[in-house]
Amino acid sequence: MKILLQGRSARSIQANPGGDQVQLEATARALRAKGVDAQTSSEAEPDLAGFDAVHLFGLVRPQETWVQARNARRQRKPVFLSTVYCDVWDFERTARSGLVGWIARHSNRNVIEALKTVGRGLNNREWSRGSLALCLRGFSRMQREVVEMSSSLLPNSHSEWLRISDDLRLDQEDRRVTVVPNGFDADTFDSITVDATPPPHLAGFAGCVLCVARLEGRKNQLNLIEAVRGTPMSLVLAGPATANQSRYVKHVKDAAARLDNVH
């Protein structure tokens, strides 16, 4: 069997690396270990001659997945979709700061997702035919169309599928759904034991609160900093700054600099 696993564009991954790409690469390695010819691509519309199926990742930013799914349908290849779904609309309406947050509280989801798509195009040059299609068709409609074009749906949990079906008004009993829980990297974690002695430069962080994530509003680091203020707990934030929330990143860094127990 020969499978093409398709992810976000190289420019998008470079600007905002994320779990969807980690899942894609890990899935490809695991398939190869089972004897499957698994290849990866960030192209939108590659030639699929010789492939038995394509495997797509992510419904949160459907503009690229939508183009890839349409390409597969045109070439009569079945589509497997790992949904990698997280609804960020509540965050946009209630906690997003700046102009985007104000617009979210005074408009609707399609408007804010179109504006975010345009912003990524201007800031990171993440612009494609799918970006224009999202602005014209609407965000939720594009998500539903990606689901409709998929032969198999692979959420990480039953809860994830229930949220997708509720948000997009889909049949909860859809027979295409197979739950595939997220795995972990055994090559990394098999060598770590509970009583392992940390290296000297990390010994002082034993028992810390650890947040490993991009610095961005949705990951809530600013409130984490406030939560440990005036406590004996040590907070460690590990991760790169997101490309499109420079004001939030500055607030996080400024708040962290004012506390001795935040690193």
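Trainee: Which are α5 and α6 to each other, roughly parallel or roughly antiparallel?
Mentor: This is a predicted model: local features need pLDDT of at least 70, side-chain atom pairs count only at pLDDT 80 or more, and totals for chains, interfaces and linings use all residues. The axes of helix α5 (residues 98-105) and α6 come within 8 Å and cross at roughly 160°, axes being lines fitted to C-alpha atoms over the stretch in contact, with angles from 0 to 180 degrees between N-to-C directions. Angles under 35 degrees count as roughly parallel, over 145 as roughly antiparallel, 65 to 115 as roughly perpendicular and the rest as oblique. α5 and α6 are therefore roughly antiparallel.

Trainee: How many residues in the contact of α5 with α6 are nonpolar?
Mentor: Residues are numbered from 1 along each chain as its sequence is written, and side-chain values use heavy atoms, leaving out hydrogens and water. The contact (heavy atoms within 4.5 Å) joins V100, I103 and A104 of α5 to V111, I112 and L115 of α6. Ala, Val, Leu, Ile, Met, Phe, Trp, Tyr, Cys and Pro count as nonpolar, Asp, Glu, Lys and Arg as charged, and the others, Gly among them, as polar. With no polar and no charged residues, the nonpolar count is six.

Trainee: Which hand is the crossing in which α6 passes α7, left or right?
Mentor: α6 (residues 109-124) and α7 (residues 129-137) pack at about 155°, their axes 9 Å apart. That makes α6 roughly antiparallel to α7. A crossing is left-handed if the near helix is turned anticlockwise from the far one by less than a right angle, and right-handed if clockwise. Here the crossing is left-handed.

Trainee: How many charged residues are in the contact of α6 with α7?
Mentor: α6 supplies E113, A114, T117 and V118, and α7 supplies S131, L134 and C135. Four of these residues are nonpolar and two polar, and the charged count is one.

Trainee: At what angle do α3 and α8 pack?
Mentor: Helices are DSSP runs of H or I with at least four residues, and strands are E runs of at least two, numbered from the N terminus. α3 and α8 have a left-handed crossing. Helix α3 spans residues 62-74 and helix α8 residues 139-148; their axes lie 9 Å apart, at an angle of about 35°.

Trainee: Which are the edge strands of the sheet?
Mentor: Five strands form an open, parallel sheet in the order β2-β1-β3-β4-β5, where pairing takes at least two DSSP bridges. Strand β1 (residues 2-6) is joined to β2 by five bridges, and L5 stands opposite T40 in β2. The strands that pair on one side only are β2 (37-41) and β5 (152-153).

Trainee: Which element has the lowest mean pLDDT?
Mentor: pLDDT is the predictor's confidence in each residue, from 0 to 100. The chain has a mean of 89, with 97% of its residues at 70 or more. β5 has the highest mean among the elements, 98, while the lowest, 71, belongs to helix α1.
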